[in-house]
Amino acid sequence: LFYASTADPTYKVKIAQFTNAGFINYTRTWEKFTFDLGVRAEYLFRETKYRLETDNVNSPMRKTEYTPFDISPVLNLKYELNPKTNLRFTASKTSTKPRVREILPFRFQDGDGDFTIGNPNIKNTENYNIDFKYEFFPKSNAVFAVAVFGKHIKNPISRLVEGTSTGFLEYYDNFDEAQLYGVEIETNFGLDLIFGDGVIASKTSLGVNAIAMQSEEKASP
């Protein structure tokens, strides 16, 4: 249960939210191939009670309810090319919930003097994800991986900014859709891989993660 208010009762907001979820999973392994399939079912209940700034302090509180039911499957496939190398493929559907500040329907001020107002009618995003990864393990404590990935997002939550006479007003809304795709390179290894066995090298590791990605968002006029 979330609760937020200010000294002015017209700004009072009450947010009640809970989630019920369940998950089932099936895994099967052959000699070099692993199949993993899971499904998550989630029910969200969110009730927001509030008054607008223009409402009378004694007027009844407005109320919005949001009760989505999401089915989120995930498929993982792994093929072992050799004892040190794997190929992985993953496809999934997930959802992203808004933060509390994104649904609070009153204005609040940040440290820069700008104002933010939430949107009680904002929806969860639906994310359709896919990625393909190559993994190489030169030693038990070292990995090098390259992945290409893509996402298609329905109802992405977007931050919008509007200029006002006193600064900027930040608010949130759902756009129609968005696409995101890119390449990720990851490596993590002990320095003994380069310098050989030694007290310092065996206890020191180096990790690097780099992502190059492109995104595009669409909204109706």
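A hairpin of six residues connects strand S9 to strand S10; strands, like helices, are DSSP runs numbered from the N terminus (helices are H or I with at least four residues, strands are E with at least two). This is a predicted model, in which local features need pLDDT of at least 70 and side-chain atom pairs count only at pLDDT 80 or more, while totals for chains, interfaces and linings use all residues. Residues are numbered from 1 along each chain as its sequence is written, and side-chain values use heavy atoms, with hydrogens and water left out.

S9 covers residues 125-136 and S10 covers residues 143-154. The two strands run antiparallel and are joined by 11 bridges; strands are said to pair if DSSP finds at least two bridges between them. Within this arrangement, asparagine 127 stands opposite isoleucine 153 in S10. S9 also pairs with S6, again in the antiparallel sense, over 12 bridges. Here serine 92 has asparagine 129 in S9 as its bridge partner.

The description now turns from strands to charged side chains. Side chains of opposite charge can pair when their charged atoms come close. A salt bridge is counted when a side-chain nitrogen of Lys or Arg lies within 4 Å of a carboxyl oxygen of Asp or Glu. By this rule there are nine salt bridges.

One of them joins the side chains of arginine 40 and glutamate 42, with an N to O distance of 2.6 Å. Glutamate 42 also forms a salt bridge with lysine 97, where the closest N and O atoms are 2.9 Å apart. This second pair links distant parts of the chain: glutamate 42 belongs to strand S3 (residues 33-50), whereas lysine 97 lies in the loop between strand S6 (85-96) and strand S7 (107-109), 55 residues apart.

How accessible are these partners? Accessibility is classed as buried under 20% relative accessible area, exposed over 50%, and partly exposed in between (1.4 Å probe, protein chains only). Glutamate 42 counts as buried because its relative accessibility is 6%. Arginine 40, at 34%, is partly exposed, and lysine 97, at 31%, is partly exposed as well. Through salt bridges that share partners, Arg40, Glu42 and Lys97 form one network.

A further salt bridge brings together the side chains of lysine 63 and glutamate 65, at 4.0 Å from N to O. Glutamate 65 has a relative accessibility of 48%, so this residue counts as partly exposed.
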